[in-house]
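My entries follow the structure itself.

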Amino acid sequence: MCGKEEDLYQDQLKKKERQNELMQAFLAGRRSERKFSKRENEIFDAYYDLEIQDLNQIAYDFNISKATVRTYYNRAMEKFHAIISEEI
């Protein structure tokens with residue numbers, strides 16, 4: 001790489017590192033922010049912390065419909081993106 005490409009790469013790398021830092025801070029502190037409902041936290045935890053990527057499985061585990069899981073997941077992600085956007 002040379003010149004501009006190197007600078008662009010470094011900028012992108014720094015941005016990714018910052019996003020990773022924010023994600024870690026978010027995961028550590030999101031419960032204290034009280035911006036997520038209890039169920040949004042549960043769904044988020046199941047998806048990311050427990051790594052259950054199948055919404056059908058999460059629905060089964062919580063005894064709710066897949067559509068409801070999707071709704072809670074989407075709400076959590078909207079709030080997550082809003083928090084991250086404030087920090088970037």
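**Entry 1, ground rules.** I am working with a predicted model, in which local features need pLDDT of at least 70 and side-chain atom pairs count only at pLDDT 80 or more, while totals for chains, interfaces and linings use all residues. I number residues from 1 along each chain as its sequence is written, and my side-chain values use heavy atoms, with hydrogens and water left out.

I looked up Glu51 and noted a positive phi of about 60°, although Glu51 is not a glycine. I place Glu51 in the loop between helix H2 (38-49) and helix H3 (55-62), where helices are DSSP runs of H or I with at least four residues, numbered from the N terminus. Glu51 is exposed, with a relative accessible area of 60%; for this term I use over 50% as exposed, under 20% as buried and anything in between as partly exposed, with a 1.4 Å probe and protein chains only.

I then turned to Asn63, whose phi is near 60°, again a positive value in a residue other than glycine. Asn63 sits in the loop between H3 and helix H4 (66-87), and at 72% relative accessibility Asn63 counts as exposed.

How many aromatic pairs does a search of the whole structure find? I noted 6 aromatic pairs, taking rings of Phe, Tyr and Trp (its six-membered ring) as paired if their centres lie within 6.5 Å, and calling planes under 30 degrees apart stacked, over 60 edge-to-face and the rest tilted.

I looked up Tyr47 and Tyr73, which form a tilted pair with 4.8 Å from centre to centre and 50° between the planes. This pair links distant parts of the chain, with Tyr47 in helix H2 and Tyr73 in helix H4, 26 residues apart. Tyr47 counts as buried at 16% relative accessibility, and Tyr73 is also buried, at 16%.

I went on to Tyr48 and Tyr73, whose ring centres are 6.4 Å apart with planes at 20°, so I recorded the pair as stacked. Tyr48 in helix H2 and Tyr73 in helix H4 are 25 residues apart, and this pair too links distant parts of the chain. Tyr48 is partly exposed, with a relative accessible area of 29%.

Which residues do ring pairs link into a cluster? I listed Phe36, Phe44, Tyr47, Tyr48, Tyr73 and Phe80.

Definitions and conventions: Helices (H or I, at least four residues) and strands (E, at least two) are DSSP runs, numbered from the N terminus.
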